[in-house]
Amino acid sequence: MNGQGPVVWQLGLNDVPEFLLSRELVEPRAIVDNDLIVRNLSSGRHYVFSAESSDGANYLVKQDPQIDSKTAVREAAVYESLSCMPAIRKFIPGFHGYDTERHVLVLEFFPTAVDLATYHHNLRRPPIDRKS
């Protein structure tokens with residue numbers, strides 16, 4: 001995607017349902033009934049997809065395409081560690097695993113969530129009011 005380093009198997013829009021099915025995160029019926037909606041959210045150096053179904057099983061599927069990159073591995077380790085802490089777990093997306101061979105991270109997806117940059121842009125004020 002960005003031309004740096006060797007690339008692993010590339011996750012595509014049509015691969016997401018099968019990938020989630022192989023990890024037993026979605027039921028075959030969701031795919032057969034066309035109840036799983038997958039969207040491409042990629043906008044940078046990672047491949048990012050959302051998968052949403054009417055039963056509330058919503059996933060963010062993120063792949064780091066660079067074999068030698070450790071960012072996805074580190075991100076997965078952080079989510080996995082934090083998900084074991086009850087006091088913190090309620091504030092982060094659910095961790096649903098990391099595929100080490102394909103460099104794919106699966107997290108809970110919140111369809112109505114807004115990232116911090118957008119949130120603060122919409123408020124039309126900076127995130128922190130600094131006093132000198």
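R29 and D33 are joined by a salt bridge, a term used here for a side-chain nitrogen of Lys or Arg within 4 Å of a carboxyl oxygen of Asp or Glu, and their closest N and O atoms lie 3.1 Å apart. By this rule the count comes to three salt bridges. The model is a predicted one, in which local features need pLDDT of at least 70 and side-chain atom pairs count only at pLDDT 80 or more, while totals for chains, interfaces and linings use all residues. Residues are numbered from 1 along each chain as its sequence is written, and side-chain values use heavy atoms, with hydrogens and water left out.

**Salt bridges**

- Side chains of opposite charge can pair when their charged atoms come close.
- E52 is buried, with a relative accessible area of 17%, while R39, at 40%, is partly exposed.
- E75 and K62 also meet through their side chains in a salt bridge, at 2.8 Å from N to O.
- Because E75 lies in helix α3 and K62 in strand β3 (residues 59-63), this pair ties together parts that are 13 residues apart in sequence.
- E75 counts as partly exposed at 22% relative accessibility, and K62 counts as buried at 19%.

**Helix α3**

- Helix α3 (residues 71-82) has 12 residues and should span 16 Å at 1.5 Å a residue, which agrees with the 16 Å between its end C-alpha atoms; the expected span is 1.5 Å times one less than the number of residues.
- The buried residues of α3 are A72, A76 and Y79.
- Seen down the axis of α3, these buried residues fall within an arc of 65°, so they line one face of the helix, the arc being that of the directions from the helix axis to the C-beta atoms.
- An α-helix has 3.6 residues a turn, so residues three or four places apart point the same way.
- Among the elements that cover the buried residues of α3 are β4 (95-99) and β5 (104-108), where contact means heavy atoms within 4.5 Å.

How values were computed: Helices (H or I, at least four residues) and strands (E, at least two) are DSSP runs, numbered from the N terminus. Buried means under 20% relative accessible area, exposed over 50%, partly exposed in between (1.4 Å probe, protein chains only).
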